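I opened my notebook to get to know a new chain. Here is what I looked up, one entry at a time.

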Amino acid sequence: MSADRAEIAELPRSDEALRDGIGEEDNPIPSWWWWTFFGTVVFALVYIPYYTRSGWTQEKQYAEQVAQTRALIQATAPAIPTTNPFRGNAAAIADGQQTFTTICAACHKPDASGLIGPSLIDPYWKYGHADAELFLTVTKGRPGGMPAWESQLGSEKIWKALAYLETLPKSQQSGLGAPDYVPPAGSTPVAVPPVAPAPGS
Ligand code: HEC
């Protein structure tokens, strides 16, 4: 703006500046606007001390919500049983037999004495024979060619198949049905009741 021309705001009111046909008015600011403005000032005077002193932070709230959700998930997720819930349940074992003969038998033989997969009735367990270990083997699979069955069968069918497997007559012969079967390195024979492990097996 050059020095010889005053700014519009400095022009005397008599000037009645018209720009593109729009006149300059000097109406008072409406009171609702003032009330809103002072309202926000008052709100700030209350809110800022409240906010800064309450100790509330976004991070804290987030951490609390995460903790709450974790607790909720833990409380509602079905805990994986550590012992077979169908042990000795005749109806479940019959169900399990069906799963075993249609799926597992292809690799482990119907009597579970081993074919492509190792014998499941011998005293050798590469991955352990506790309920939880067996369950893990079948749900997640094992690297030596044992597929994971979790998504196809679900945990109930797997537990039932394992309950059935348990009822099969045991054998002391490692890898019965797979004569060239060598007990996996690092595996330890487990006493299979009622017969004690044969010497040298
Ligand atoms: C495609 C063939 C195949 C099918 C089907 C199969 N398995 Fe296996 N399974 C294997 C192989 C191979 C291994 C050896 C894995 C290894 O040594 O890492 C194995 C290992 C296992 C083991 C671990 C044995 C040990 O010594 O620790 C168990 C238990 C087992 N299978 C149970 C089952 C059950 C129950 C089913 C049916 C739901 C099943 N398998 C279906 C091939 C199969």
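**Ground rules.** I took helices (H or I, at least four residues) and strands (E, at least two) as DSSP runs, numbered from the N terminus. I am working with a predicted model, where local features need pLDDT of at least 70, side-chain atom pairs count only at pLDDT 80 or more, and totals for chains, interfaces and linings use all residues. Residues are numbered from 1 along each chain as its sequence is written.

**Layout.** I found five helices and four strands in the chain. Reading from the N terminus, I noted the order β-β-α-α-α-β-α-α-β.

**Burial and contacts.** I call a residue buried if 20 or more other C-beta atoms lie within 10 Å of its own, exposed if 12 or fewer, and partly exposed in between, with C-beta atoms placed from the backbone. By that rule, 17% of the 201 residues are buried. For contacts, I asked that two C-beta atoms, placed from the backbone, lie within 7 Å. Of the contacts with a separation of 6 or more, 67% join residues 24 or more positions apart.

**The core.** Next I looked for a nonpolar core, meaning buried Ala, Val, Leu, Ile, Met, Phe, Trp, Tyr and Cys residues joined through C-beta atoms within 7 Å. The largest one has 19 residues, and Ile158, Ala161, Leu162, Ala163 and Leu165 have the most contacts inside it. Helix 3 (90-108), helix 4 (131-140) and helix 5 (150-167) each give two or more residues to this core. Helix 5 has the largest share, seven residues. In soluble globular proteins, nonpolar side chains tend to be buried together.

**Helix 5, up close.** Which residues of helix 5 are buried? I listed Ile158, Trp159, Lys160, Ala161, Leu162, Ala163, Tyr164 and Leu165. The buried residues of this helix pack against helix 3 and helix 4. Leaving aside neighbours within four places in sequence, I saw Leu165 in contact with Phe100, Ala112 and Leu120. I also noted a kink of about 65° centred on Glu156, the bend being the angle between axes fitted to the seven residues ending there and the seven starting there.

**Around the ligand.** I counted a residue as near if its C-beta atom, placed from the backbone, lies within 6 Å. The ligand has 24 residues around it, the closest being Cys104, Cys107, Gly117, Gly144 and Gly145. Helix 3 gives the most to this shell, with five residues.
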